[in-house]
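Here are some friendly notes to read beside the model. Take the points one at a time, and keep the 3D view open as you go.

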Amino acid sequence: MIPYGRQSIDEDDIAAVAEVLRGDFLTGGPAVGRFEAALAETVTAPHAIACANGTAALHLAVLALDLGPGDVVVVPSVTFLATANVVRFVGAEVLFADVDPDSGLLTAETLRTALARADDPSLVRAAIPVHLNGQACDMGEIASVAAEYGFALIEDACHALGGAYAADGKRALVGAAPLSAMACFSFHPVKAIAMGEGGAVTTRDPELARRVARLRSHGMTREPGAFSQQDEARDPEGRTNPWYYEMAEPGFNYRACDLQCALGESQLRKLGAFLARRRTLAARYDTLLASLANVVRPVPRLSSADDGWHLYPVLIDFPALGLSRAEVMTRLKDAGIGTQVHYIPVHRQPYYRGLYPGLSLPGGDAYYERCLSLPLFPAMNDNDVDTVVNALAGILTDTA
Ligand SMILES: *Cc1c(COP(=O)(O)O)cnc(C)c1O
């Protein structure tokens, strides 16, 4: 079976985790800081805060911006559930935006259309552009709209570790957050690097970094400089009491442990190789799929070199093919090929239909109706790509 995505684990990854198991700290130890430093360096951000998963990263980001009841946050409808759910976690309202029907991305235009639908645009405090499939949104244009309306941006970069985009005429790596408050990553095994479960927030803002780090661990701090109750923090001689900690606001236990971070650090060293392999496989798909172009075409990608290549979705005209997507998926599965649909537009979920009834987002629907993610992961070989394309071609000719 060729799955649609999977992790690549080598002996050195196993050794890195085993070393933690033999050491003193399973959590709260030095592997966490090492991973954070390596990630910050990789994405050229001054601050990286590791956490339990990508959903926790997004939740911490909305908490750090003080979003809450009465606030409105724009979320593109074609994304994983978590992007919208974190907005609800803090009691804010989700303003779903449509996406480009071919790329599935939030654009400045679809963002503006969503803002025009807001009862009171001044209540919009943030938007969460999603770098779907590994392809970055046009952050320059989106940031202009955000500046015009005066709201913050949180990048959902869960698909896009290793990707890049233009910011102020320069190439910025995804995660450097030149135009956003924060970028959020997931290190779930199907993503660019695997930590089992894992995530991170990156930012240029030291205050946001401190807040995210504090919220990650119950809202507590042990930094003497951050204590507000000096009389309780210190002994009569003014020395900080060794047991003392303080909580300014309730946070969560969203920490990543040393086992996860050691794996993450080891995986991060291979990011360049993983990405190069994904890019090569994608180029092979592009070439081989050209012969099926009348029915199957790859989601358009602006720049292969800047793409994180998390997923390789194609757009299929199922009605023209005379087969449903379910039939195509089943036939591919029978041929040993796993595929997936990324994603059911979130506004169509029962919970969100109940909250925001009657919402129609035709761009997202058009993307959803045609998309199918083909297998893409670094351990695939060229033959696997040929197998997938041949199986797809076989299904197409069967029905022709
Ligand atoms: C994976 C993913 C998340 C959530 O990450 P987890 O680590 O699974 O919690 C959020 N947004 C997008 C776009 C994702 O792909």
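1. Let us begin with a term: a polar contact is a pair of N or O atoms within 3.5 Å; within protein, one must be able to donate a hydrogen and the other to accept it, and residues adjacent in sequence count only if both atoms are side-chain atoms. With that in hand, look at tyrosine 343, where a polar side-chain atom lies 3.2 Å from an oxygen atom of the ligand. Taken alone, the ligand exposes 380 Å², and the protein buries 92% of that (accessible areas come from the Shrake-Rupley method with a 1.4 Å probe; for residues, only the protein chains shown count as cover).

2. A word on what you are viewing: this is a predicted model, where local features need pLDDT of at least 70, side-chain atom pairs count only at pLDDT 80 or more, and totals for chains, interfaces and linings use all residues. Residues are numbered from 1 along each chain as its sequence is written, and side-chain values use heavy atoms, with hydrogens and water left out.

3. How many residues surround the ligand? There are 14, and the closest are Gly54, Thr55, His159, Ser186 and Lys191 (a residue is near a molecule or strand if one of its heavy atoms lies within 4 Å of it).

4. Finally, visit aspartate 386, whose side chain is joined to that of arginine 284 by a polar contact of 2.8 Å.
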